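The sequence and structure are shown first.

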Amino acid sequence: MASSLTCTGVIWALLSLLCAAASCVGFFMPYWLLGTQMDKPVSFGTFRRCSYPVRDEEKQITVMLEQCGRYASFSGIPSLEWRICTVVTGVGCGLLLLVALTGLMGCCISDLISRTIGRVAGGIQFVGGLLIGSGCALYPLGWDSEEVKQTCSNSSDQFKLGSCQIGWAYYCTGAGAAAAMLLCTWLSCFAGKKQKHYPY
């Protein structure tokens, strides 16, 4: 099986897949922000939430439903900043995944990735990582929404956690983006083999 990648290119392809997987898993999981409400653990992502209050009409009380789910609509996401974060981070994850899959195909297909294509792929990874990083930077701007305040003892505000804490998924997303921006972008410069020039 012929490869269009150098040895460094194979490392780049595998590392790209790991970075994309870390960012995508972190983005999808609703564990970016952790807190409690009505003595039950509550967690938020950019577009998902675990544990939310519902009205029990039979008993005429509000109870916590302990399950995870997406918001019913895009406009149901608690803040404008989180909506922007969802779109920006999602696009960034998509770019990282596209480059990672292209890199893996380059391991099996000859003449797929040249030096120039490798460098373009690295540029796309840099942009993807930058978008995800921007999404992570925007996320704390939504901590002043009513839903978050209820979970964080009514003491949260923009860039102020109150009684909440940052969850593992936030770090996972950011770490994947940082590694893609710094390490994968650099390795991509040496990923593709030099093109052979045939005299015609």
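## Helix α1 against helix α2

In this predicted model, helices α1 and α2 cross with left-handed geometry; left-handed means that the near helix is turned anticlockwise from the far one by less than a right angle, and right-handed that it is turned clockwise. Helices (H or I, at least four residues) and strands (E, at least two) are DSSP runs, numbered from the N terminus. Helix α2 covers residues 80–106, and its axis comes within 8 Å of that of α1, at a crossing angle of roughly 155 degrees. The two are therefore roughly antiparallel. Axes are lines fitted to C-alpha atoms, for helices over the stretch in contact, with angles from 0 to 180 degrees between N-to-C directions. Angles under 35 degrees count as roughly parallel, over 145 as roughly antiparallel, 65 to 115 as roughly perpendicular, and the rest as oblique.

The α1 side of this contact includes Trp12, Ser16, Cys19, Ser23 and Phe27, and the α2 side includes Thr86, Gly90, Cys93, Leu97 and Leu104. Contact means heavy atoms within 4.5 Å. By class, the contact of α1 with α2 has 14 nonpolar, 6 polar and no charged residues. Here Ala, Val, Leu, Ile, Met, Phe, Trp, Tyr, Cys and Pro count as nonpolar, Asp, Glu, Lys and Arg as charged, and the others, Gly among them, as polar.

## Basis of the values

Residues are numbered from 1 along each chain as its sequence is written. As the model is predicted, local features need pLDDT of at least 70 and side-chain atom pairs count only at pLDDT 80 or more, while totals for chains, interfaces and linings use all residues; side-chain values use heavy atoms, with hydrogens and water left out.

## Helix α5 and its two partners

Helix α1 (residues 7–28) also packs against helix α5 (residues 168–188): their axes come within 7 Å and cross at roughly 160 degrees. This makes α1 roughly antiparallel to α5. The crossing of α1 and α5 is left-handed. Among the α1 residues that meet α5 are Thr8, Ile11, Trp12, Leu15 and Cys19, and the α5 residues they face as a group include Trp168, Cys172, Gly176, Ala180 and Leu187. The contact of α1 with α5 divides into 16 nonpolar, 7 polar and no charged residues.

Helix α3 (residues 115–138) comes within 8 Å of α5, axis to axis, and crosses α5 at roughly 155 degrees. Helices α3 and α5 are therefore roughly antiparallel to each other, and their crossing is left-handed. On the α3 side the contact includes Arg119, Gly122, Phe126, Gly129 and Gly133, and on the α5 side it includes Tyr170, Gly174, Met181 and Thr185. The residues of the contact of α3 with α5 divide into 10 nonpolar, 9 polar and 1 charged.

## Annotated transmembrane regions

An unreviewed UniProt entry lists residues 87–108, 120–141 and 168–191 as "transmembrane region". UniProt positions follow the numbering used here, feature names are shortened, and annotations may be inferred rather than shown by experiment. In the model, residues 87–108 are 91% helix and 0% strand, with the end C-alpha atoms 32 Å apart. Residues 168–191 are 88% helix and 0% strand, and there the end C-alpha atoms are 31 Å apart.

Val88 lies in helix α2. Leaving aside residues up to four places away in sequence, Val88 touches Leu131, Ser134 and Gly135. Val88 and Ser163 are 75 residues apart in sequence and 27 Å apart in space, C-alpha to C-alpha.

## The sheet

Five strands form an open sheet in the order β4-β3-β2-β1-β5, with antiparallel pairing. Two strands pair if DSSP finds at least two bridges between them. The edge strands, each pairing on one side only, are β4 (61–70) and β5 (165–166).

Strand β2 (residues 40–44) is joined to β3 by 2 bridges, and the two run antiparallel. Ser43 stands opposite Cys50 in β3, and a hairpin of 3 residues links β2 to β3. Strand β3 (residues 48–56) is joined to β4 by 8 bridges, again antiparallel; Tyr52 has Leu65 in β4 as its bridge partner. The hairpin of β3 and β4 has 4 residues between the strands, and Gln60 in the turn has a positive phi of about 60 degrees.
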